[in-house]
Amino acid sequence: MRDEIAKACGILEAGGLVAFPTETVYGLGADAENIEAVASIFRVKGRPTNHPVIVHLSPEADLEYWAHSIPSEARALIKAFWPGPLTLILPRASHIPAAVSGGQDTLGLRCPSHPVAVELLRAFKGGQGGIAAPSANKFGHVSPTTAAHVRQEFASELGHGLGLVLDGGPSAVGIESTILDMSRMDTRGPVLLRPGFITPREIEAVIGIMPGAADSGAPRASGTLSSHYAPATPVLLGQPELLRARVGLLREKNLPFAQLLHSMPDEPGAVATIRLSPESEGYARGLYAALRSLDSSGAFAILVESPPADPEWDGVRDRLRRAAYGSESALDGL
Ligand code: TXA
Ligand code: MG
């Protein structure tokens, strides 16, 4: 891996793109301070350029270099959760290019815990650089949790647009980081922009304030679009009774279906069935690989059993809702 890391640093320093593993999902990385390199992330990913990208830092990075007016609560959260799956939105230091934050005066910062990511960040620019990286998938698609997923997403860019894919095995968390806006602490307090593995309750336990829900003044985040993280196949989310009714309809029309379950019994006749853990952590870890696999099963629709209502399922429920957004219309006219 040492040689691969050196090669990755060379590519990044020359303005190229490198995909790398993190504990949440794989990232598509570029030098955060190189405007052209950041522009090529947007191009390769097919993402609108006014969408901000998270900047990844090494555990030893100098936070003041990247952000200003850092509230004490942010420092407490960093102490508690970095390296780890928590992204903080902070006021952007003026010399950091606005291109990385989609023109906004804030910056998303995160220190990942995956050992390969940490090694890469420590090697890049002597540990003081920042790697801008969205998830390594085409805009709106399902995020990758293995190096093979990244190679599938960017098959036609490998070797030119995308210089290298570092393989760090399957991501342990499986869904993207929790995003907490701390750029408006004095007026709004901390605001949760995207739920993830680190929950509002864990954040409250550290800073004594429960994060608020995103409001119209919140910074833009593409992970907060209604439709995102979506397979090409319609995803129908529902409780067992509703799913059984839909299976009935699809069977009647001779349409193949796939199913993603965690507690209800299998519906017979599916072209593909994946059963994930009934625990939220195990479920999150397997979710994106399962959606990718069911998406290629030839099914007309993927039926997904609704996750439990408990708060620890918030991250998973959020991703499933976005994956399912707009899919109901696939049943129109059947
Ligand atoms: O777990 C993760 O966060 C992964 C890994 C690779 O670190 N990254 C990830 O990046 O999910 P991406 O770009 O797919 O989603 C990052 C989200 C986007 O919705 C983006 O808009 C938001 O973070 N974001 C980044 N900087 C921001 C800022 N300054 N203000 C508001 N939102 C921001
Ligand atoms: Mg993404």
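This is a predicted model: local features need pLDDT of at least 70, side-chain atom pairs count only at pLDDT 80 or more; totals for chains, interfaces and linings use all residues.
Helices α1 and α5 pack against each other at an angle of about 50°, and their axes lie 10 Å apart.

**How α1 meets α5**

- The crossing of α1 past α5 is right-handed.
- On the α1 side, the contact is made by Arg2, Ile5, Ala8, Cys9 and Leu12.
- On the α5 side, the partners are Val116, Glu119, Leu120 and Ala123.

**A closer look at α1**

- Helix α1 runs over residues 2–13, and at 1.5 Å a residue its twelve residues should span 16 Å. The C-alpha atoms at its ends are 17 Å apart, which agrees with that expectation.
- Which residues of α1 are buried? They are Ile5, Ala8, Cys9, Ile11 and Leu12.
- The buried residues of α1 have several packing partners: the strands β1 (18–20), β2 (27–31), β6 (131–132) and β7 (164–165), along with helix α5 (115–123).
- After α1 comes Gly15, which has a positive phi, near 90°.

- Helix α4 covers residues 72–81, and its buried residues are Ala74, Leu77, Ile78 and Phe81.
- Seen down the axis of α4, the buried residues fall within an arc of 100°, so they line one face of the helix.
- Turn to the other side of α4 and you will find Ser72 and Lys79 exposed.
- What covers the buried residues of α4? The cover includes the helices α3 (63–66) and α7 (200–207), as well as the strands β4 (86–91) and β8 (178–181).

**Ile175, a residue in a loop**

- Ile175 lies in the loop between β7 and β8.
- Is Ile175 buried or exposed? Its relative accessibility is 3%, so Ile175 counts as buried, because the cut-off for buried is under 20%.
- Leaving aside neighbours within four places in sequence, Ile175 is in contact with Thr24, Val25, Gly196, Ala284, Leu287, Tyr288, Gly315, Val316 and Arg319.
- Ile175 and Pro231 are 56 residues apart in sequence, and their C-alpha atoms are 15 Å apart in space.

Terms used:
Residues are numbered from 1 along each chain as its sequence is written. Chains are lettered from A and ligands numbered from 1 in the order in which they are written. Side-chain values use heavy atoms; hydrogens and water are left out. Helices (H or I, at least four residues) and strands (E, at least two) are DSSP runs, numbered from the N terminus. The expected span of a helix is 1.5 Å times one less than its number of residues. Buried means under 20% relative accessible area, exposed over 50%, partly exposed in between (1.4 Å probe, protein chains only). Contact means heavy atoms within 4.5 Å. Axes are lines fitted to C-alpha atoms, for helices over the stretch in contact, and angles run from 0 to 180 degrees between N-to-C directions. A crossing is left-handed if the near helix is turned anticlockwise from the far one by less than a right angle, and right-handed if clockwise. The arc is that of the directions from the helix axis to the C-beta atoms.
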